[in-house]
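Here are my notes on this one, as numbered points. Have the model open while you read.

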Amino acid sequence: MPGSRVEVERLTHAFDGNVVLRDVSFSIEPGELVALTGPSGSGKTTLLQLLGGLDRPTAGRIMVDGIPVHALRHATRYRREVVGFVFQLHHLLPALTAQENVQLPMVAAHVPRRERDLRAHELLDEVDLSGRARSLPSSLSGGERQRVAIARALAGQPRLILADEPTGSLDAAATERIWQLLAAVRERHGSTILVASHDASLLRHVDRSLAIRGGAVCEQPASNLAPPPPPATGPDHHDRAPAEL
Ligand SMILES: Nc1ncnc2c1ncn2[C@@H]1O[C@H](COP(=O)(O)OP(=O)(O)OP(=O)(O)O)[C@@H](O)[C@H]1O
Ligand SMILES: [Mg+2]
């Protein structure tokens, strides 16, 4: 299934008169893997929530595969059938095993149990966690939980994956693994993926980068992409602050 085409036209969003996004226009082609950067409070989460139909914009249009997301009164079906969300704090249910968490969207979509079991196994295998199907989130590492959250986001076979700082609490190695996983998902499924992150290592994996500054969204020039990887060892390696966007 090809990824979604996203078209945003003259989008404005304000909370109680405080304008966060001002007259923003951009588009994302099917199957593109795009970074969303910008300082804290610039509106990354706001934009992802608008694109995901979790909130409605103050003004402007959001078209995803021709669906007018800005105008949807009940976006439940759009969210279930088109979008997969990955949140910073994974939002796994603590009382459910990894496999049960992955199955949740399929329960909501009334997928029969046998098919759910099979798909959940495949998805956990895809994120390299087939051995942890029966583990509760509390017994998984942060990176493993995020991978379960990605498997869960994939359960509805989304055409559009929206990830909001999916590596917020992870170290460099676990972060790199998440980026590689998202790149592999794009390769395998052709999904369109938009990832908000402060972590500059993401830029080595994306096609494009969009930056939010002062309510505007601008294309980051290609020359700013792909900073060189940090040296594995070196005299000052441990003193250096992680690269931030
Ligand atoms: N529900 C809300 N009600 C009022 N103001 C809000 C709401 N959600 C976000 N805001 C405000 O909108 C602005 C953008 O917030 P947003 O969470 O989108 O930023 P962000 O770029 O995701 O930041 P971070 O990098 O810290 O996650 C902030 O000033 C925030 O206080
Ligand atoms: Mg945010």
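1. Where does Arg10 lie? Arg10 sits in strand E1, residues 6-15; helices (H or I, at least four residues) and strands (E, at least two) are DSSP runs, numbered from the N terminus. Before going on, some bookkeeping: this is a predicted model, where local features need pLDDT of at least 70 and side-chain atom pairs count only at pLDDT 80 or more, while totals for chains, interfaces and linings use all residues. Residues are numbered from 1 along each chain as its sequence is written, chains are lettered from A and ligands numbered from 1 in the order in which they are written, and side-chain values use heavy atoms, with hydrogens and water left out.

2. Have a look at the backbone of Arg10: its phi is positive, about 50°, although Arg10 is not a glycine. Most residues other than glycine have a negative phi. Arg10 is also exposed, with a relative accessible area of 55% (buried is under 20%, exposed over 50%, partly exposed in between, with a 1.4 Å probe and protein chains only).

3. Asp16 is another one to check, with a positive phi near 50°. Asp16 belongs to the loop between E1 and strand E2 (18-28), and at 83% relative accessibility it is exposed.

4. Four strands form an open sheet in the order E2-E1-E4-E5, paired antiparallel; two strands pair if DSSP finds at least two bridges between them. E2 and strand E5 (67-68) are the edges, each pairing on one side only. Seven bridges hold the antiparallel pair E1 and E2, and Val8 stands opposite Phe26 in E2. Helix H1 (residues 44-51) packs on this sheet, touching E1, E2 and strand E4 (59-64), and its direction makes about 120° with that of E1. Contact here is heavy atoms within 4.5 Å; axes are lines fitted to C-alpha atoms, for helices over the stretch in contact, and angles run from 0 to 180 degrees between N-to-C directions.

5. Strand E6 (residues 83-86) is covered on both faces: Val83 and Phe85 are buried on one side, Gly84 and Val86 on the other. E6 runs parallel to strand E7 (residues 160-164), joined to it by four bridges, and Gly84 has Ile161 as its bridge partner in E7.

6. On to helix H3 (residues 98-108), whose buried residues are Ala98, Gln99, Asn101, Val102, Gln103 and Met106. Their cover includes helix H4 (113-126) and helix H5 (142-154). Gln103 is buried at 6% relative accessible area, and leaving out residues up to four places away in sequence, Gln103 touches Arg116, Asp117 and Ala120.

7. How do H3 and H4 cross? Their axes come within 9 Å, at roughly 125°. That makes H3 oblique to H4 (under 35 degrees is roughly parallel, over 145 roughly antiparallel, 65 to 115 roughly perpendicular and the rest oblique). The residues in contact include Val102, Gln103 and Met106 of H3 and Arg116, Asp117 and Ala120 of H4. By type, the contact residues are seven nonpolar, three polar and three charged, where Ala, Val, Leu, Ile, Met, Phe, Trp, Tyr, Cys and Pro count as nonpolar, Asp, Glu, Lys and Arg as charged, and the others, Gly among them, as polar.
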